[in-house]
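Me: I have a model open and want a quick tour. Can you walk me through it?

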Amino acid sequence: MVRRCVTGYRNFLLIVILLLMIVGTATSAGNTLFAAGATFPYPLYRAYFEKLHEVSGIRILYEALGSGEGVKALLEKRVDFGATDFFLNDSLMEQAGRDILHVPTCVGAVVLTYNLPGNPQLNLTPELIAGIFSGDISYWNDARIRWVNPGISLPRMPITVVHRYDNSGTTFMFSDYLSKVSSNWRDSVGKGKQLQFPVGYGAEGNAGVSRMVSRAEGAIGYLELAYAEEAGLPKAAVQNKSGQFIVPDTRTVSLAANVDMPQDTRISITDTDAPEGYPISGYTWLIFYRQQQYNGRTRQHAIALVDLLMWILEEGQEINPVLHYAPLPDIAKVRAKEIILSIRYGDTELLSVGSDLTDLR
């Protein structure tokens, strides 16, 4: 019943977005954009959009409904752009029937947070994380946890696993990591945006996981770094490929992204090779159509989208570390700008090398 109500609420919100888009197209002169998607970067996007409106007059109406809903809304052409923590695979790209572009906005991290007496700084190995979330390790004083946490007094307390039940890019990133480091997880649970977890309780959104973990002693859950920081929750150090236990912060997340990037920016950086990189890190993207002339959208709408993207890649990056997201590495910014240069409205490109966006308005 609860899930049915949540689904109904989501559908109501998306109907509201559609109605607002119809009204907004007629009244905003292209200065209002509608979007939906990931909760993972929502604190950052909220800051982006408020600042952009202040300096440019462009208004972004964004619904943080989860990555899956953002992708769905874009595929159904109900929004100007979507936001997702997982890149679209070839099947989804073909389903769209036209080119969908991915522009990364930041590098984030999925952290393991917990609620224990005194909240000591815990170390977790890939094997421990897979064991806890599969139900193989069910008490905090399990010898395998104590082995990598010498000197810490761990209670004989049941472990309460908290996971996402909604369609989630955070879940995709977390399960993508576990599928790389644990063959048992890969073969039994796998990776995806929405999974059947063997144990635990489901919550909606990163904020929902944060609330549930903070209220339940003995709980452990996965969520985006910024949500853990905002709630003052502890963050486990996770052992990476080099054998180091890495505490997640903007520095170690940035290091995880210090790898080459394909031209379309669709890349997974979980289980990074970077010696000091945090291993459950990943990009998050804004997604949109290369051809912007569709569904009655005006050239001004397309220009507003380009303006937004370029602003994020420059001025917006200064906001990232303030809100516990890592700025984009240089290679990601180069790839993103190449993608923006390919955006078209009808038969013409919106930008050329050296263009001044103010000339487009």
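This is a predicted model: local features need pLDDT of at least 70, side-chain atom pairs count only at pLDDT 80 or more; totals for chains, interfaces and linings use all residues.

Me: Fine. How many helices and strands are there?
Reply: The chain has 13 helices and 13 strands. Both are DSSP runs, numbered from the N terminus: helices are H or I with at least four residues, strands are E with at least two.

Me: How much of the chain is buried?
Reply: Buried residues make up 56% of the 361 residues. Buried means under 20% relative accessible area, exposed over 50%, and partly exposed in between, with a 1.4 Å probe and protein chains only.

Me: And what share of the contacts join residues at least 24 apart?
Reply: 74%, among contacts between residues at least 6 apart in sequence. Contact means heavy atoms within 4.5 Å.

Me: On to the sheets. What is the strand order in the sheet of 8 strands?
Reply: The order is β2-β1-β3-β11-β4-β8-β6-β7. The sheet is open, with mixed pairing. Two strands pair if DSSP finds at least two bridges between them.

Me: Which strands stand at the edges?
Reply: β2 (59-64) and β7 (201-203). Each has a single partner strand, so one side of each is left without a neighbour in the sheet.

Me: How many degrees are neighbouring strands turned against each other?
Reply: 25 degrees on average, direction ignored. Axes are lines fitted to C-alpha atoms, for helices over the stretch in contact, and angles run from 0 to 180 degrees between N-to-C directions.

Me: Now β8. In which sense does it pair with β4?
Reply: Antiparallel, over 5 bridges, with β8 covering residues 219-224. Val111 has Leu223 of β8 as its bridge partner. Tyr114 is bridged to Ile220 of β8.

Me: And β6 with β8, parallel or antiparallel?
Reply: Parallel, over 3 bridges. There, Val162 stands opposite Gly221 in β8.

Me: How many residues of β8 are buried?
Reply: 6 of the 6, so β8 is largely enclosed by the rest of the structure.

Me: Which helix lies across β4, β6 and β8?
Reply: Helix α5 (residues 126-134), which runs at about 115 degrees to β8.

Me: How does α5 sit against α7?
Reply: Their axes come within 10 Å and cross at roughly 115 degrees; α7 covers residues 169-181. The crossing is left-handed. That term applies if the near helix is turned anticlockwise from the far one by less than a right angle; right-handed is clockwise.

Me: Which residues make that contact?
Reply: Pro126, Ile129, Ala130 and Phe133 from α5, and Phe174, Tyr177, Leu178 and Val181 from α7. By class, the α5 contact with α7 has 8 nonpolar, no polar and no charged residues. Ala, Val, Leu, Ile, Met, Phe, Trp, Tyr, Cys and Pro count as nonpolar; Asp, Glu, Lys and Arg as charged; the others, Gly among them, as polar.

Me: Next pair. At what angle do α12 and α13 cross?
Reply: Roughly 170 degrees, with the axes of α12 (residues 299-313) and α13 (residues 330-341) coming within 11 Å. The two helices are therefore roughly antiparallel to each other. Angles under 35 degrees count as roughly parallel, over 145 as roughly antiparallel, 65 to 115 as roughly perpendicular and the rest as oblique.

Me: What meets what there?
Reply: Val306, Leu309, Met310 and Leu313 in α12 meet Lys333, Ala336, Lys337 and Ile340 in α13. By class, this contact of α12 with α13 has 6 nonpolar, no polar and 2 charged residues.

Me: Which strands does α13 lie across?
Reply: β4 and β11 (281-289), running at about 145 degrees to β4.

Me: Last one, Ile100. Is it buried or exposed?
Reply: Ile100 counts as buried, because its relative accessibility is 4%. Ile100 is found in β4 (residues 100-114).

Me: What does Ile100 touch?
Reply: Leaving out residues up to four places away in sequence, Ile100 touches Leu74, Leu75, Leu88, Met93, Ile287, Phe288 and Tyr289.

Definitions and conventions. Residues are numbered from 1 along each chain as its sequence is written. Side-chain values use heavy atoms; hydrogens and water are left out.
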